[in-house]
Amino acid sequence: MNGLPGIPALQGREDVKSDLRARLADARLYLCTDARRSRGDLPRFLDAVLGAGVDIVQLREKGLEAGEELALLEVFAGACRRHGRRLAVNDRADVALAAGADVLHLGQDDLPVPVARRILGPGPLIGRSSHSPDQADAAAAELGVDYFCAGPVWTTPTKPGRPATGPGLLAHVAEKTPDRPWYAIGGISLDRLDDVLAAGATRVVVVRAITEADDPAAATRAFARRLRPV
């Protein structure tokens, strides 16, 4: 007998997903960045921050055509492979599949998780945004969600018009002790990190505090030291 067809391949996919979940549980610093067109330093920037302690990196740039986004994601994917880090794609399951991303992040108004999973297949992880206690509670229990974000804790130009939740949302989530990883997001800087940690969050999503730093690698190391105390 040759055995059941497809079982070794299925087992392989499950092993990959288990490894991704283990790495996600260990990840503390998640960076969102645009393609850095004004600086023209995307490959160098990615090598610097991934080498300094960013665990997950996501391309966040609205209005890209799929082909343009995939070309940029090749640069991101190459850097992630060099440094053993995880690649996340925002919103689009088809692009995440085509790019071979490790993670797809979905907002409240994006594809339903079961639909995204049918597109992705069994491998990549799926994250969810939440902006209120009710949404955070739902994300913590939603079938098929591997992690979620809570915020924006402070107002941020990356989410214009969305009111800040304040650290109270983080305290609410921490009190519930969800059984999946979760990240604080929104206006988080090194100066505000004490408030984030005091509220009970142990993982953060960062944008400008690293992307606009004079020395992005140094800023990354400063976050990483605080999030992974020896």
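Here is a walk from the whole chain down to single residues.

**Ground rules.** This is a predicted model, so local features need pLDDT of at least 70 and side-chain atom pairs count only at pLDDT 80 or more, while totals for chains, interfaces and linings use all residues. Residues are numbered from 1 along each chain as its sequence is written, and side-chain values use heavy atoms, with hydrogens and water left out.

**The whole chain.** Start with everything selected and colour by secondary structure: the chain has 10 helices and eight strands. Those are DSSP runs numbered from the N terminus (helices are H or I, at least four residues; strands are E, at least two). The C-alpha trace spans about 65 × 40 × 40 Å along its principal axes. The radius of gyration is 17 Å, which agrees with the value near 17 Å for a compact globule of 230 residues. That radius is taken over C-alpha atoms, and the globule rule is 2.2 Å times the number of residues to the power 0.38.

Now colour by accessibility: 47% of the 230 residues count as buried. Buried means under 20% relative accessible area, exposed over 50%, and partly exposed in between (1.4 Å probe, protein chains only). If you show contacts (heavy atoms within 4.5 Å), then among those between residues at least 6 apart in sequence, 59% join residues at least 24 apart.

**Helix 5.** Select residues 113-120 and show side chains: the buried ones are Val-113, Ala-116, Arg-117 and Leu-120. These sit on the same side of helix 5, because they cover an arc of only 100° around the axis. The arc is that of the directions from the helix axis to the C-beta atoms. Step on to Gly-121, which follows helix 5 and has a positive phi, near 80°.

**Helix 7.** Next, select 167-176, where Leu-169, Leu-170 and Val-173 are buried. Look down the axis of helix 7: its buried residues fall within an arc of 100°, so they line one face. What do the buried residues of helix 7 pack against? Their partners are strand 5 (125-130), helix 6 (133-141), strand 6 (147-150), strand 7 (182-185) and helix 8 (193-198). Thr-177 comes after helix 7, with a positive phi near 45°.

**A cis peptide.** Zoom in on the bond between Gly-151 and Pro-152: it is cis, with omega about 10°. Pro-152 belongs to the loop between strand 6 and helix 7.

Beyond its neighbours within four places in sequence, Arg-208 contacts Thr-155, Thr-156, Pro-157, Gly-187 and Ala-213. Draw a C-alpha to C-alpha distance from Arg-208 to Thr-33: they are 175 residues apart in sequence and 8.2 Å apart in space.

Also in helix 9 is Thr-211, buried at 10% relative accessible area. Leaving out residues up to four places away in sequence, Thr-211 touches Leu-31, Cys-32, Thr-33, Arg-36, Arg-39 and Phe-45.

Follow that list to Arg-36, in the loop between strand 1 (29-33) and helix 2 (42-52). Is Arg-36 buried or exposed? At 4% relative accessibility, Arg-36 counts as buried. Its phi is positive too, near 55°.

**Last stop.** Finish at Asp-91, in the loop between strand 3 (86-90) and helix 4 (93-99). Asp-91 has a positive phi near 75°, and is partly exposed at 21% relative accessible area.
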